Amino acid sequence: MKLVYTNQNLAQVGLIQSYLAEHDIASEMRNQHASSVMGEVAFFSVWPECWVADEDATPAKILIDDLNNTPTTTEEWICGTCQETSPANFAVCWSCQTPYTLVKP
């Protein structure tokens with residue numbers, strides 16, 4: 001097993017775990033109950049972690065990097081595929097599920 005993601009926020013690690021599951025990558029969360037020893041050991045050593053099988057590590061890291069580098073906007077945007085308008089907080093088109101891409105003028 002290989003560590004692919006860690007964060008001090010348990011919910012964030014859970015979201016990554018769910019995202020990987022959506023892409024058929026099984027994962028295991030570790031340290032989700034370790035906060036009780038914080039202060040006795042280095043704080044970052046008890047952060048929740050997401051682990052995957054060795055063969056899934058590279059695809060998982062690529063997916064996580066892509067997710068973390070998703071462009072954002074503060075305005076509604078028009079999908080380049082179906083021309084539907086989606087709210088600013090949507091990373092994919094509500095209609096056709098095409099990912100939002102920042103269009104540069």
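This dialogue walks through a predicted model of one protein chain, from its overall layout to some individual residues.

Student: What should I keep in mind about the numbering and the model before I start reading?

Tutor: Residues are numbered from 1 along each chain as its sequence is written, and side-chain values use heavy atoms, with hydrogens and water left out. Since the model is predicted, local features need pLDDT of at least 70 and side-chain atom pairs count only at pLDDT 80 or more, while totals for chains, interfaces and linings use all residues.

Student: How many helices and strands are in the chain, and in what order do the elements run?

Tutor: Helices (H or I, at least four residues) and strands (E, at least two) are DSSP runs, numbered from the N terminus. Here the chain has two helices and five strands, and from the N terminus on the elements follow the order β-α-β-β-α-β-β.

Student: Which strands does β3 pair with, and in what sense?

Tutor: Two strands pair if DSSP finds at least two bridges between them. β1 and β3 pair in the antiparallel sense over four bridges, and β2, residues 27-30, pairs with β3 in the antiparallel sense, also over four bridges.

Student: Are the faces of β3 covered or uncovered?

Tutor: The general idea is to look at relative accessible area, where buried means under 20%, exposed over 50%, and partly exposed in between (1.4 Å probe, protein chains only). Both faces of β3 are covered, with E49 and W51 buried on one side and C50 and V52 buried on the other. Over the whole chain, buried residues make up 24% of the 105 residues.

Student: Which residues touch the most other members of the largest nonpolar core?

Tutor: In soluble globular proteins, nonpolar side chains tend to be buried together. A nonpolar core is a set of buried Ala, Val, Leu, Ile, Met, Phe, Trp, Tyr and Cys residues joined through side-chain atoms within 4.5 Å. The largest one here has 14 residues, and V4, Y5, L20, C50 and V52 touch the most other members. The elements that give two or more residues to this core are β1 (2-6), α1 (10-22), β3 (49-52) and α2 (57-68).

Student: What is L20 in contact with, beyond its neighbours within four places in sequence?

Tutor: Contact means heavy atoms within 4.5 Å. With those sequence neighbours left aside, L20 is in contact with V4, I25, S27, C50, V52, A60, L63 and I64. Looking at the chain in general, residues 24 or more positions apart account for 46% of the contacts with a separation of 6 or more.

Student: What can I read from helix α1 itself, from its span to its two ends?

Tutor: At the N-terminal end, N9 caps α1, with a side-chain oxygen 2.8 Å from the backbone nitrogen of A11. Just after α1, D24 takes a positive phi of about 60°, although D24 is not a glycine; this residue lies in the loop between α1 and β2 and is exposed at 72% relative accessibility.

Student: Where is C82, and which residues does C82 touch?

Tutor: C82 lies in the loop between β4 (77-78) and β5 (85-86), and is partly exposed, with a relative accessible area of 28%. Not counting residues up to four places away in sequence, C82 touches C93, S95 and C96. C82 and S95 are 13 residues apart in sequence, while their C-alpha atoms are 7.7 Å apart in space. Q83 is found in the loop between β4 and β5 too, and is exposed at 53%.

Student: Is S86 buried or exposed, and what does its side chain reach?

Tutor: S86, placed in strand β5, counts as buried because its relative accessibility is 0%. A polar contact is a pair of N or O atoms within 3.5 Å; within protein, one must be able to donate a hydrogen and the other to accept it, and residues adjacent in sequence count only if both atoms are side-chain atoms. The side chain of S86 reaches the backbone nitrogen of W94 at 3.3 Å.
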